[in-house]
Amino acid sequence: YAVQQAITGHRDPDSVLQMIADEARRLTGTDMGAVYLLDGEELQVSVISGDVAPQALGYRLSLDDSVAGMAVRLEKPFLVTQAQSDGRADIHFTSEVGAEAFIIVPLISGSGPIGTITVANKREGELGPEDERVLTMLASGAVVALENARIYQEEQERRWEAERRRQVAESLRDILSVLNSNRSLGEILDHIVLKAQRLLNTDAVALYRLESEQGPLAIQAAQGLDDGYMANILVPWGEGAVGRAAVNRRPVVVMDSAAALSEYLSGDTDPETRARLERQTVRYKALIAAPLIVKDELYGTVALYYRAPQQFIREDVDLAVAFADQAALAIENARLREQAQRSAVAAERSRLARDLHDAVTQTLFSASMIAEVLPRIWDRNEQEGRKRLDELRQLTRGALAEMRTLLLELRPSALIEAELG
């Protein structure tokens, strides 16, 4: 009863499995214990206890060719007193772990068998019906404990998933607010890579820009990368995960860069490329690279780096693509703002040209015509000449006033708002 309470009190499935194996061995006074879990048409050694060869962990037994399989299929315990001579036993496995005599009891839940408890090699005396009875009693509580632990773990995972989705939604909303601000493209991209690093728990994030149609790719924004690495990194077209993501226009996932590199490199790989890729794998062991596409045009890639090998799930890749899309939106917004500014400048130039033509140019033209005829008028009639001279003075003053008005419109507003000091 105390053992059942202790097992049921654990909420981590792995801890529950280990305690089952440990208590099964202790209660039966045996040298070794293990729990096998059902995986399709096979049983896999999930935990071991006692003096058992480490290679036993993860070993798989067929349901059709093993005593453990018989226990699962028939849903009843089996006692084997002579493992080496019993034809039902897996001789290879029992020899490897040194099992001379063993008991296997099935773990049966409401939906059917889920695995077995196994003990082997009793230290004093021989394994018998009493040991089988003890394991059977233990198995009933063990199944309840495992199911409770799994339910608790699933609930925790659901809560963690809900929290993560909330954080993703907040981050994307925050990014959208930044996109709608007047910040520069560099500031926005820095904000996006910072959010990506925090939300995806990466060691570093880099946004690469395609320098030309066929590469290379250079870093435009980064978070977590040291300056020396950023200064020397220039990814050739199609090379590594970053280059392949650009060429194929789809995400590339590397869970273990060292293993992936050994498959990627060949005898024809030039020494410079080999050395460059090997330097990258020394620093980062896993990464996700997502293409950065702006209006169907390849702009570059977004890369998420991890210092240790990772087991990525689909959602990790989807989040990387989502951040790449946000970066693409920021780049497109920056282009639109730049186009709008250029259009505004062109429109203002056209307006100034019209104003100069309609006002100042015509006034100056009139003044120049009067100035040309003024000497002849002065020679014939000095009084009329003075009159024309006064008219010329008025025209030039008017032209000067109009020019001052246009220049005032061109005056930067910052000069007006700034204090004299």
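**Salt bridges and an open sheet**

Asp39, Glu42 and Arg60 are joined in a network of salt bridges (a side-chain nitrogen of Lys or Arg within 4 Å of a carboxyl oxygen of Asp or Glu). The model is predicted: local features need pLDDT of at least 70, side-chain atom pairs count only at pLDDT 80 or more, and totals for chains, interfaces and linings use all residues. Residues are numbered from 1 along each chain as its sequence is written, and side-chain values use heavy atoms, with hydrogens and water left out.

By this rule, the count is 13 salt bridges. One of them links Glu23 and Arg26, at 2.7 Å from N to O. Both residues lie in helix α2, three residues apart, about one turn of the helix. Helices (H or I, at least four residues) and strands (E, at least two) are DSSP runs, numbered from the N terminus. Glu23 counts as buried because its relative accessibility is 16%, whereas Arg26, at 53%, counts as exposed. Buried means under 20% relative accessible area, exposed over 50%, and partly exposed in between (1.4 Å probe, protein chains only).

An open sheet of six strands runs in the order β3-β2-β1-β6-β5-β4, with antiparallel pairing (two strands pair if DSSP finds at least two bridges between them). β3 (60-62) and β4 (78-80) stand at the edges with a single partner strand each, so one side of each lacks a neighbour in the sheet. β4 pairs with β5 (residues 102-109) over three bridges. Phe78 has Ile104 in β5 as its bridge partner.
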